[in-house]
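Today I look up salt bridges, a helix pair and a surface patch.

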Amino acid sequence: MSMQPRPWPDVPELTAKMARSSSRQGNLAMRIRDELGEVYADARFAAPFGVRGRPGISPGQLMMASVLQFSENLTDRQAAEAVRDRMTWKYALGLGLDDPGFDASVLSEFRSRLVAGDLACLALDALLERLAGLGLVRAGGWQRTDSTHVLGAIRMLNRLELAGESLRAALEALAVAAPGWLAGVIDPSWQQVYGARIDDLHLPESQAGRQDLMVRYGTDGYYLLEQAHGPGAPGWLRELPAVQALRRIWILQFCREVTDGRQEVRRREKLPGGTVSRRAETS
């Protein structure tokens, strides 16, 4: 994939008209566009991209989408959906109303390029420069300059989505394959937590809330796996693809430790390598 820097696009007339008529005054995405103008020029992000190959999506637009994503506490999938169907985001990015946006995986790939190219600092440095130029921030004021905070928070949200959706998929597969068995294993409260897609929920804004939800997912997932592999379960349940996927994902995402005689579920701070050994799977 290549990147040919291009100017920040003007807001299409119809997009501007529809966004202004349907949005309340003070919408953040529109204010950023109106008051700050071009914050992220494509040329700033040239290093991680090649000069040959199919032209990629504007990195300046992806960076702005990432900032809006962080401001609203959205997962990659939710952010991609916002680009696709919110007029205010289209206004901020200079997109036409019929623009389909991009796949959620593009955001993850973009962040990986920033990290691999040691360019994470660009995430907020450009914004701070623009704010300083407009006299909106000053030396010695309160401002966060650690761009990895933005990338890390989004990464945590996507790990939450992966864990929640993996567990929900396993529950749906078991509900179809063995509804009677599953009804005897879980109680109605599980429906309240896992009945809707995770990306339809507004995930907790606080770090503590996200940690608690991740532990809840981890604990429930381990419980479901133990029941599916237990002596009271039909042997073929553990062979369901969704159950096998849940087991592998839990090996990567969680660990169990004994503290003060009690077993506790913890989220892995550092993920293991991309491959999982057979020994790890059976431990």
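Predicted model: local features only at pLDDT ≥ 70, side-chain atom pairs only at ≥ 80, totals over all residues.

Entry 1, salt bridges. I get 11 of them in the structure.

Glu 35 pairs with Arg 31, with 3.3 Å between the closest N and O atoms. Both sit in helix H2 (residues 28-36), four residues apart, so about one helical turn separates them.

Next, Glu 81 and Arg 84, where the closest N and O atoms are 2.8 Å apart. They are three residues apart in helix H4 (residues 76-85), about one helical turn. Glu 81 comes out partly exposed at 37%, and Arg 84 likewise at 33%.

Then I went to helix H8 (residues 148-177), which holds Glu 165 and Arg 168 three residues apart. Their side chains form a salt bridge at 3.0 Å, N to O. Are these two buried or exposed? Glu 165 is buried because its 13% relative accessibility falls under the 20% cut-off. Arg 168 is buried as well, at 9%. I also see Glu 172 joined with Glu 165 and Arg 168 in a salt-bridge network.

I checked H11 (residues 207-228) against H12 (residues 241-253): the angle is about 135 degrees and the axes are 10 Å apart. That makes the two helices oblique to each other, and H11 passes H12 in a left-handed crossing.

Leu 14, Met 18 and Leu 97 make up a nonpolar patch with about 240 Å² of accessible area together. I found Leu 97 in the loop between helix H5 (87-93) and helix H6 (105-116). Leu 97 is partly exposed, at 31% relative accessible area.

Terms used
Residues numbered from 1 in each chain as written. Heavy atoms only, no water. Patch = residues over 30% accessible without salt bridge, like charges linked within 9 Å, V, L, I, M, F, W, Y side chains within 5 Å. Areas by Shrake-Rupley, 256 points an atom, 1.4 Å probe, with all protein chains shown as cover. Salt bridge = Lys/Arg side-chain N within 4 Å of Asp/Glu carboxyl O. Buried < 20%, exposed > 50% of the residue type's maximum accessible area, 1.4 Å probe, protein only. Axes fitted to C-alpha atoms, helices over the stretch in contact; angles between N-to-C directions. Parallel < 35°, antiparallel > 145°, perpendicular 65-115°, else oblique. Left-handed = near helix turned anticlockwise from the far one by under 90°.
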